[in-house]
Amino acid sequence: MRSLLIFLGVFLLGACDRHATTNEQATQVDLADSLRGQRLLFLGAHPDDEWVLMPIFAEACLINGATCHFTITTSAELGCMETMGMIDFDACAAIRKQELATSAAIANGSTEFLGWQDLFYAHDGEGLRRNLVRWEEMNGGREALVEQVVDLLQRNKPEVVFGIDPRHGSTCNPNHRATSLLLVEAVNRLPVEDRPRVLFENTYTVFERMTPDMAEAVDHGAMFPWPDRNDPDIFFDATRILPNGKRAIDYQLDALRAHPSQFPGFPDDASINADPEQLLIPLVDLADIDPTEELCTPLGLSEYKTLDKTLTFVGRKYAEIAEKTNEPHAFRLTHDGEVVGEYGSLTSWPHSLQSDFPEKGVSLIVAAATAAEAEAVQSKYLQYVMRFIEAPA
Ligand SMILES: [Zn+2]
């Protein structure tokens, strides 16, 4: 792990471009100053992807006359099952849409969703490839997909676009990486003079691969740039006190609170108290990196129960949720002959329905008191099951 300390001499004074700080370029470029009065666009995959960067948006758009527009590529409909026990995709998407509006309002921002499918594929290069293939299938091909982002850029004409580093997506989530790769393709289609500056959040948030010390620091709000790299990082010093008297980093807490579906039980009195040298938000400029570099595959994150590989996580969650709410139905979900989720007794209910997907070795049987109830349960459970069935090879 590269130590942040080596940068402190340069960075304690404020946000600046490290690669612009040679002796010849004695004037440090202040990131906050460079955003003054600019049109800023954030492009993320999920409505809570913006929280790390919120100090930058707050300073720019509340204080320094910039405008902030937050665009999210997916409807984020997978995101309520684990945290809220909510299976219904439409209900989840509606909640998360509202949460983004609350978060964007912190920086007086506007919001927009592109409505692509939320996917949860392997956190490596193969998962990223499948994610892109699925989005292409659903949006009329790669050209049409990129065109949606080109259109977004042409409508908003941002001078600076923020996203999450496509080489790793911060957490290795392929939705993040695919979104930023499509952004890069879209930017490259614009005439050179119309291309915005693109800055990517470069935080390392793979808890399974962190040292215990790092993970504990992150609990206190610390941010670490992607390790073992010589990236020309740009750091935004979020310990700065803004003219409104607020510490910039505390806007991260406001943003986290705006997403209760993702951070249920977030304490009212939460505070960020990591070492100040760990409160520098790491970014990289697209101009300084190869966005197609693959930094997740080497981490070997195959232990994740992702939806392109297995229904185990889904089956277990379905059973847990039904048990908790004592639902009046039964179900059994099997994959390759193995029961991956089961609740109640199928024979105790008069009406049952079966869906078979032999090409993927999946079978779902539901049973309930009436035919209508069985249908409703089936369609609810099939939402996740279809994400598995439809995952590209
Ligand atoms: Zn995300």
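Modeller: Here is a walk through that domain, strand by strand.

This is a predicted model: local features need pLDDT of at least 70, side-chain atom pairs count only at pLDDT 80 or more, and totals for chains, interfaces and linings use all residues. Residues are numbered from 1 along each chain as its sequence is written.

The protein splits into domain 1 (4-299) and domain 2 (312-389); the bounds come from an automatic or database domain assignment. Start with the sheet. It is open, with 4 strands in the order β10-β9-β12-β11, paired antiparallel. Strands (E, at least two residues) and helices (H or I, at least four) are DSSP runs, numbered from the N terminus. Pairing requires at least two DSSP bridges between two strands. β10 (338-343) and β11 (351-357) are the edges, each pairing on one side only. From one strand to the next, the twist averages 10°. Angles run from 0 to 180 degrees between N-to-C directions, with axes fitted to C-alpha atoms, for helices over the stretch in contact.

β9 (residues 329-335) joins antiparallel β10 through 5 bridges. Phenylalanine 331 stands opposite tyrosine 343 in β10. Helix α11 (residues 312-325) packs on the sheet. α11 touches β9 and β10, and its direction makes about 15° with that of β10. Contact means C-beta atoms, placed from the backbone, within 7 Å. Helix α12 (residues 371-389) lies across β9, β11 and β12 (362-368), at about 160° to β12.

The domain centres, taken over C-alpha atoms, are 37 Å apart.

Definitions and conventions. Contact = placed C-beta atoms within 7 Å.
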